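Reader: I am new to this structure and would like to understand the words used for it. Could you take me through them?
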Amino acid sequence: MSRYISDRIARLAGPTPLVRRLSAQSVLSAFGDGVFLTGSAVFFTQIVGLSAARVGLGLSIAGAVTFLLAVPLGKLSDRFGAKRVWALASLVEALLYLAWLAVGGFATFVAMLVVLELVVTTSRSARNAYRFDIFPREERVSSNAYFRAARNVGYTLGALLAGVALATNDDAMIRAVPVATAALLVLNAVLVSRMPSVIHHTEEAPLEAALETVLDGGKGDKRSALRNRGYVAMAVLGGVLGTHQVLLNVVIPLWLVEETDAPRVLLAWLFGTNTVMAVLLQVAAARGITTVADSLRAQRRGAFFFVLSCGIVLVTHDTVGWVTIVLVWVGHVTVTGAELFQSAGEWGLQAELSDPARRGEYQGVSQLGYTLGTVWAPALYTFLAMHWGAQGWLVIAAIVLLAAVLIHPAARAAERHLTRMGVPAPEPA
């Protein structure tokens, strides 16, 4: 029986030893992140002594700075190696969590948050570049699906550990939250440093391109990721399609509490369902995605579920009892479907349409789209849903539908740019 369970866990973690090692790293990293994310609101307000408004302002400032520096930070991976940058940034990130204990006011809070976000962005770009480099083309999307599922397991473990600390309502236990996060992330940095080394897939791009300097800011550099306007547009549109997280974590919960008669305890079931689906279905949603056409098809499917969720949730304002409960739950399930397919499509587009010699830089551009989505979507979607009601939900659906339509010509433009720059197209799948 124990052998069966261990074999089953191994299959869930991935089909190869390397995928399983990176899945374990994903669990550990998300475990650490989940501990602090769950306890951060209480830590910032109760220990640091900030108001909720100041916490929000600090997050916005950090997001703006990160947006400005995402591409230069991504270039570090191309210059010094993705694994090296990933490991170093992971270690610095771990040590920075210990510095939270010394933060005692708004100014130091903002400074700390800005530095941490810059390090996290550097780490994320390097991590993604490493993953695209280490795996052959046909395994890039499927392997990322295993890592996404593993991160959901890690976040759940982190939330449970932080929940124990918060339940004590003891300041000493709450102060231990960033310490626990730091300890877990130090282990994560050690694990990253022991990953296999990898070089760029130079067989897919001219060797001289891999040897070019990548810290010139992109000025006068025709191969700069920022010169690939199709890719930049694709990243921005991908950020719009990725705002399913805003519906999952912000809009639907607020709608449930303020605009429906559903019990608040349903929120726990919604987030529990999302986690289970992400763990069990992400690999299936990513299966068979290799080419640009495959990736765009996944983006269409994600947009379909996004729009369907809007249509389901908007009617719950006028329903009652179990009808409301079931519809809100189904609406959350469908937007989880949007998350699963959109993520898979995004990985495929990033893998296929990045210059192999500049994966880190292209990942920096991808971060721009992600950051933009986190800046405008929470305020706009919340306003539309809460103040415009059904019409607001239809506007949200229209925004997503438009992005799903426009991402097709943007991806093809990015493809043509790479061809003009002499980057050979991948072999047919």
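Author: Gladly, and please keep in mind that this is a predicted model. Let us start with leucine 37, which sits in helix H2 (residues 17–48).

Reader: What makes leucine 37 count as buried or exposed?

Author: Its relative accessibility is 56%. Exposed means over 50%, so leucine 37 counts as exposed.

Reader: Where is serine 77, and why is serine 77 called buried?

Author: Serine 77 has its place in helix H3. Its relative accessible area is 2%; the cut-off for buried is under 20%, so serine 77 is buried.

Reader: What does serine 77 have in contact with it, leaving aside neighbours within four places in sequence?

Author: Ala82, Val85, Ser125, Ala126 and Gly360.

Reader: How do you know that the length of helix H6 agrees with its number of residues?

Author: Helix H6 (residues 140–167) has 28 residues, and at 1.5 Å a residue they should span 40 Å. The end C-alpha atoms of H6 are 41 Å apart, so the two values agree.

Reader: What comes just after H6?

Author: Just after H6, asparagine 169 takes a positive phi of about 55°. Asparagine 169 is found in the loop between H6 and helix H7 (171–193).

Reader: Why point out the phi of asparagine 169?

Author: Most residues other than glycine have a negative phi. Asparagine 169 has a positive value in a residue other than glycine. Asparagine 169 also counts as exposed, because its relative accessibility is 59% and the cut-off is over 50%.

Reader: How does the span of helix H14 compare with what its residues should give?

Author: The 30 residues of helix H14 (residues 359–388) should span 44 Å at 1.5 Å a residue, and the end C-alpha atoms are 42 Å apart, so this agrees. H14 has a kink of about 40° at alanine 377, shortly before proline 378. Just after H14, glycine 389 takes a positive phi of about 65°.

Reader: Which residues have the most contacts inside the largest nonpolar core?

Author: They are Leu247, Tyr381 and Trp393, in a core of 53 residues. Among the elements that give two or more residues to this core are H3, H10, H11 and H14. H15 gives the most, with 11 residues.

Reader: What is tyrosine 381 in contact with, leaving aside its neighbours within four places in sequence?

Author: Its contacts include Val240, Leu247, Phe306, Trp376 and Ile399. Apart from that core lies another, of 34 residues, among them Val55, Phe109, Ile174 and Leu185.

Reader: Into which domains is the protein divided, and how much area do domain 1 and domain 2 bury between them?

Author: The protein is divided into domain 1 (16–204) and domain 2 (225–421). Their centres, taken over C-alpha atoms, are separated by 22 Å. The contact takes 30 residues from domain 1 and 32 residues from domain 2. Between them the domains bury about 2800 Å², with 64% of it on carbon and sulfur atoms. In domain 1, Phe132, Val141 and Arg148 lose the most area to domain 2, together 23% of what that side buries.

Note on methods:
Residues numbered from 1 in each chain as written. Predicted model: local features only at pLDDT ≥ 70, side-chain atom pairs only at ≥ 80, totals over all residues. Heavy atoms only, no water. Helix = DSSP H or I, 4+ residues; strand = E, 2+ residues; numbered from the N terminus. Expected span 1.5 Å × (residues − 1). Bend = angle between axes of the 7 residues up to and from the residue. Core = buried A, V, L, I, M, F, W, Y, C linked by side-chain atoms within 4.5 Å. Buried < 20%, exposed > 50% of the residue type's maximum accessible area, 1.4 Å probe, protein only. Contact = heavy atoms within 4.5 Å. Domains from an automatic or database assignment. Buried area = accessible area lost by both parts, 1.4 Å probe.
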